[in-house]
Amino acid sequence: MDERKLGKVHAAIPDMLQQVKKGKLSRREFIINSALLGLSATAAYSLVGLKEFGIPAAHAQTPKKGGTLRVSMQVQEMTDPATFDWTEKSNVARHIGEYLTMWGEDNVTRPYLAESWSTSDDLTEWTFKLRKGVKWHNGDEFNADDVIFNFTRWLDPKTGSSNIGLFSSMVESFDTGKKDKDGKAVMSKRMIDGAITKIDDYTVKFKTSSATLSFPENLFNYPTMIMHRDFEKNGKDFSKKPIGTGPYTLEEFKIGERAVLKRTGMPYWGEKLDNPYIGGPVFLDKIQYVDHGKPGPTVIGAYASGQVDAIYAFDIAQQQMVESLPDTTIYTASSSITGVMRMRVVEKPFDNKKLRQAVQACCDIDAFSKLIFGGRANVGEHHHVAQIHPEYFELPKPKQNIEKAKKLLAEAGYPNGIELTMAIGNTSGEWQTQVGEILKQQAAQAGITINLNVMPSAKFWEIWDKAPFGLTEWTHRPLGVMVLGLAYRSGVPWNETGYNNPEFDKALSEAETIADPAQRKAKMEKVQKILQEDAIMVQPVWVPSFALANNKVKGYTAHPTRYHLYHKVWIDA
Amino acid sequence: MLVMLFKRIVAMALVMLVVSLILFVIFETDKLAVAGKVLGPYSSVEQRELWLSQNGYDASFSTRYLKWVGNAVQGDFGSSLQLKVPVSEVLWPRLFNTGILALCLFSIMIPLSLTLGILAGMKEGSWLDRSVSTLSVFTTSIPEFASATLLTAVFVFSLKWLPGTSAMSDGFEWNQMILPVLVLLMYDFGYVARMTRASMAEVMHSQYIRTAILKGLPYWTIILKHALRNALIAPFTIIVLQLNWLLSGVIVVEVFFAYKGFGKLLLDAALFGDIYVIEACTLVAVFVAVFSQFISDVGYTFLNPRIRFS
């Protein structure tokens with residue numbers, strides 16, 4: 001594609017293209033960033049001369065229609081997509097309901113129920129054009145009212161949706177006028193007036209109070225599934241009234257047992273698209289999820305005896321067993337899923353920076369990837385920005401230094417060592433305990449005793465943001481600034497460390513407002529350095545996302561966040 | 001006899017009442033924690049208090065307890081927090097599934113372990129006795145998770161004869177029952193066989209058997225007509241008590257093979273903190289325990305007329 005044919009695009013895109021030509025910006029970074037700014041993925045790929053991901057090669061087999069794909073995954077309740085807190089819940093729902101945008105294995109954001117979007121130069125106004133002719137399963141036409149209904153609902157604290165944190169730049173705090181027992185004003189949150197405007201039936205404009213580059217990407221986060229505008233009137237239960245716009249509907253749903261999806265019988269609107277993940281014909285007749293419990297030997301047993309064709313995830317402890325399975329492909333996606341061993345800086349003894357630095361200095365980051373993931377994982381550098389994030393700034397690798405740790409510990413006032421307790425919930429598998437065990441061994445060398453308090457995951461979620469020292473899993477987000485804004489900015493709901501550093505907030509805000517990835521990268525140096533220096537976390541490893549499927553299952557891909565979207569999957573029977 | 005039965009039933013009801021009170025105190029004294037479980041960890045105190053008053057938690061502790069007991073007696077245990085359906089909708093099918101598992105197990109285990117135990121106990125110290133005893137000790141001492149792994153490795157991964165899990169996702173299939181029953185059988189038959197053997201051996205040493213032998217009665221007549229009835233008293237109690245063990249003992253097997261039974265339901269509820277399911281499951285388990293005790297007491301008096309309840 002010739003750049004002169006670009007037409008009207010965001011002001012930053014031509015500059016970015018120049019940077020690619022000068023070698024300052026990689027082609028992948030260009031594609032991811034320009035897609036966020038509203039350029040179509042196809043155009044972005046072709047501008048830098050890359051073949052678009054997922055377009056089948058000419059010699060590929062002709063897909064076969066029909067058949068049932070059987071997948072082992074926990075079948076959880078699926079009442080209200082806005083309150084989803086597990087990816088598994090969304091995986092069943094994702095084949096029925098749909099999102100405004102989507103991103104797949106290549107981390108490029110593409111339009112979905114939205115046809116296109118554009119943003120203002122300062123990234124605070126986002127105009128979304130919606131697709132025409134998309135029908136809900138009850139025959140109604142999808143339009144702007146549906147989008148406005150969902151946003152209004154998400155941003156009302158009564159709904160209890162985590163989306164209120166995701167779109168915090170559309171929300172304000174206000175005094176409810178009530179007083180609590182201590183006489184303090186009871187505060188609540190509400191949507192800012194004018195945050196959403198209906199331009200016409202198929203155009204919606206969003207106004208954010210600060211620059212939000214990740215806006216389009218957030219719209220594929222699993223609780224942002226678009227529900228029908230009458231969702232509340234219909235009883236607020238998606239598993240009982242599954243009205244969506246997707247190609248499948250629910251045939252059977254038994255929590256803890258199984259979920260069966262079948263084609264709706266309506267023509268699927270998405271077949272007209274040229275999107276590599278959802279465009280073209282949908283092949284499978286049915287998708288059957290069977291619950292064999294958490295990833296573990298039982299799931300592998302079900303797979304090995306042919307009871308299922310694919311599994312949601314396997315625990316890394318089963319790696320060798322899995323590799324010996326015949327006719328099987330293991331799909332790996334690099335992700336920014338990670339375990340953050342974070343320390344609450346507002347609680348003793350972690351209010352002592354020297355102590356936190358001592359714990360961090362004990363950590364040998366290379367050991368974690370080697371011992372737990374057989375060297376297949378990227379190492380973390382204690383600042384929660386991953387190598388795969390487009391704005392990652394390469395700092396010198398943190399090194400283990402036991403002498404330094406002992407010295408810091410003495411300066412912190414613990415010359416004879418200290419005993420700490422870390423809470424672990426194994427919310428997504430045993431690897432979390434293993435990460436804790438390794439740090440425990442490493443810290444022991446400096447006289448720091450770490451006791452691991454391993455608890456059931458449901459118990460852990462009750463204290464995840466309260467435990468003074470704990471290992472929290474953070475899921476993949478395609479941009480580094482997304483998670484930093486959610487987890488470490490002063491006063492945000494998910495700030496589990498109680499971290500409050502105006503200098504960091506300022507540096508992060510500066511990085512967030514820059515659309516140009518090369519400039520943003522330069523700004524990230526300071527952000528990452530502050531986080532490392534303040535030692536609020538030990539974050540030594542990025543967890544790869546694994547999935548596996550039988551070789552007769554074609555078109556399967558691993559998604560960085562384990563999202564299932566089986567439109568292009570078919571079975572070679 | 002009728003008086004004895006009546007007394008037993010009253011005692012049963014009393015035990016159930018005490019257990020239900022303990023359960024209620026443990027789980028529902030802290031009202032805010034109940035609301036926290038229902039509304040999730042991110043709910044505010046204000047929301048929780050609102051929920052409590054909407055759901056009848058403003059009443060006194062005793063009123064709430066009586067209402068809860070009244071509902072439970074009628075089979076209404078409230079709604080599961082995790083599964084979002086009435087507890088009774090999942091409890092009974094799960095209990096039924098565990099019942100099927102127990103039926104399959106007992107129909108094989110009882111004849112097998114009684115036969116082996118009697119054969120071994122007939123002649124203490126014989127080669128048959130030694131082999132049965134050694135085998136029993138060996139299989140009983142392998143924990144279920146180990147035998148499950150071993151059997152899966154052999155029959156699922158190497159030989160590929162059997163399905164690896166028993167989720168019955170396409171309806172009931174007999175071949176999915178084989179591995180769970182086999183694991184439970186390995187663990188349990190040795191125990192019952194050894195108890196039967198001990199009981200049989202004791203009977204064989206008793207004076208009336210010696211007299212019968214000295215009288216010159218045929219050997220098998222002595223065994224079948226004189227020894228067997230007395231030797232079966234102890235194993236009978238043990239077997240009835242296995243019912244009890246099964247309810248909790250099958251957790252490992254049900255989880256390992258993803259069998260949708262009572263044990264798996266209880267474990268999931270305990271891990272999630274699904275209080276209404278835990279309460280219901282515990283009540284059912286205690287009922288089964290007390291009831292099986294009752295059955296074994298009654299059966300005991302039939303088998304051994306010397307035992308009378310005063």
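How many residues does the largest nonpolar core have, and which of them have the most contacts inside it? In this predicted model, local features need pLDDT of at least 70 and side-chain atom pairs count only at pLDDT 80 or more, while totals for chains, interfaces and linings use all residues. Residues are numbered from 1 along each chain as its sequence is written, and chains are lettered from A in the order in which they are written.

The largest nonpolar core has 211 residues, and Ala310(A) and Ile311(A) have the most contacts inside it. Such a core is a set of buried Ala, Val, Leu, Ile, Met, Phe, Trp, Tyr and Cys residues joined through C-beta atoms within 7 Å; buried means that 20 or more other C-beta atoms lie within 10 Å of the residue's own, with C-beta atoms placed from the backbone. Leaving aside residues up to four places away in sequence, Ile311(A) touches Val71(A), Ser72(A), Val299(A), Tyr303(A), Ala547(A) and Leu548(A), where contact requires C-beta atoms, placed from the backbone, within 7 Å. A second, separate core of 10 residues includes Val203(B) and Ile222(B).

Now to the meeting of the two chains. The contact takes 21 residues from chain A and 24 residues from chain B. On the side of chain A that touches chain B, α8(A) gives the most, with 4 residues; helices here are DSSP runs (H or I, at least four residues), numbered from the N terminus.

Within chain B, helix α13 (residues 262-272) has buried residues including Phe262(B), Leu265(B) and Leu266(B). Their cover includes α5 (87-122) and α14 (275-303) of chain B. Just after α13(B), Gly273(B) takes a positive phi of about 80°.

Definitions and conventions
Contact = placed C-beta atoms within 7 Å. Helix = DSSP H or I, 4+ residues; strand = E, 2+ residues; numbered from the N terminus. Buried ≥ 20, exposed ≤ 12 C-beta atoms within 10 Å, placed from the backbone.
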